[in-house]
Amino acid sequence: MNRKTIFSQALAISTLLVGVLVLACNKKFDEPPTFEEPNVNVNCSIRALKSRHVRDNFELITGDTIISGIVVADDKSGNFYKSIVIQDGTGGITVRLDGTGLFNNYPVGRRIYIKCKGLYLGDYGGLIQIGGAIDVSDPTRPSLDPIASSLFDKYVLKGGLGNVVEPRTVTFSQLTTNLQDSFQSTLIKIVQCEFGVGDTAKTYGDPTLATSALNFTIRSCANTGSIVLRNSSYSNYAGLSVPNGNGDLVGVFNIFGSTRQIQIRDTSDVKFSGARCGSGPATLMNTSTLRGLFTGSPRSIANGTKITGVVISDRSTGNLVDQNLVLQQGNNLSGIVVRFATAHTLNLGDSIDVNVSNESLEEFSGVLQVNGVDTAQVTRFAVNRSITPRTTTLAALATNGETWESTLVSVPNVTLTPAGAWSANSGNTTVTDATGTVTAFTRTAASFSSVTKPAVQISFLNGIVSQFNNLRQLTLRNLTDVGTATGGGTTPPPTGTGINLTTSPTVIDFNGIDAGLPAG
């Protein structure tokens, strides 16, 4: 064999070896690295570990306790900070870690193992957590410190990637005080829900960072309740608008005090692409029927419900907060407080319909209200309408106050004490007639709060029936609700409301919007 042949064969063999080497290297790069699970003995479930915690206390874990779980939330989007959430078949728990970019080592889907000996259990507002130490810099408010970054590998062992945890579909009624602990720090799914109408014009966070986190109301189309969605203004999607549709929501359930919350990982958890549950035609409901639905606890109003009436409160004088109005359906008919999500622009005497679908019917300091209504849900049909106040004695008001709540009354021949401005005595004025007394309350923000009250008997006092906890009250709209001095005379009160004072009852024309309902 000549030298040329030997060289050719050697070159061919070398080329083959290089090709084999290249293929071997490519195979290593193309295939994901295998990950061997740590050789540890998992001897405790997450639920069992959490059961050792007493709320508002700290527990040092001294035994050789090892738990394991799959990461269901990390810090990739910025909505979770210096923490991850892990879950096993029995429950979930938040793990506090003093670092950022945690998703690089502990991404969603990775199984991890935690050697708990030397770590602490604690809670934040009732949310149970694992941490590395107790911060007693403020002895009156000790807190749980995260695990130091230098100790991550000592306590937290990495397992395999790509594990899938399916969220558990739950109803709002399941997320009650008796059941919520079992869902705490676990991935849940709520179907057929949407952002409250008052939140639909907002972004997920505050772009100015003046507020570190925002709370949103998530409502159910099934009228079974609501939950708070809490979102960080530091999340990388904080400037995006929340969706205005309806659909399914996935997130990690947690609590803060008595508030039930859900926290999303990123916007892909919010699948609200369907039509809103209140987007269809609404059916008119009598205000008295609506009031009758309340049995002592907040409840959601059925989808497709609207109410109608005349605004009997006066926003221009400031004696009612600017988000509230009082709506009365007709003369001697019932009324209710409507609380909007933002300040409204409706005036005394406006005749309106209000779509109250899926809003909350609840009491505030004893006064029944529809809470969280979007001003866009109001249709105004007419202006300068009036409601004739119900003439009454204070004894009759004491007997019928609950039934007459949020309606307009007129009490003849009364005296007002103490003397001085309406804001005197913390805004509480005692109104007295021959049969009893009642309190008339004036806010310091009211335009007439510094005006001096009549010091003698007056012909009448008009007001909206209200209450503060167990104290029955009257709320004045403006100074036309205050009659003239009589010096003890018996001049009957006028029958108007201050919009259009007349000497005879006013006939209310709802222009068809009260079809099928009493006109009063």
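The model is a predicted one, in which local features need pLDDT of at least 70 and side-chain atom pairs count only at pLDDT 80 or more, while totals for chains, interfaces and linings use all residues. Residues are numbered from 1 along each chain as its sequence is written, and side-chain values use heavy atoms, with hydrogens and water left out.

Confidence comes next. The protein chain has a mean pLDDT (the predictor's confidence in each residue, from 0 to 100) of 86, and 85% of its residues reach 70 or more. Over residues 10-32 the pLDDT is below 50, and this stretch has zero contacts (heavy atoms within 4.5 Å) beyond near neighbours in sequence. Residues 489-520 also stay under 50, but here the model has 73 contacts beyond four places in sequence. Where pLDDT is low, the predicted coordinates should not be read in detail.

Back at Ser185, the residue sits in the loop between helix H4 (180-183) and strand S12 (187-195); helices (H or I, at least four residues) and strands (E, at least two) are DSSP runs, numbered from the N terminus. Ser185 is buried, at a relative accessible area of 0%, where buried means under 20%, exposed over 50% and partly exposed in between (1.4 Å probe, protein chains only). Leaving aside residues up to four places away in sequence, the contacts of Ser185 include Thr94, Leu127 and Phe253.

The structure also holds six aromatic pairs, for which rings of Phe, Tyr and Trp (its six-membered ring) must have centres within 6.5 Å; planes under 30 degrees apart count as stacked, over 60 as edge-to-face and the rest as tilted. Tyr106 and Phe152 form an edge-to-face pair, with centres 6.4 Å apart and planes at 70 degrees. Phe195, Tyr204, Phe216, Tyr237 and Phe272 form one aromatic cluster.
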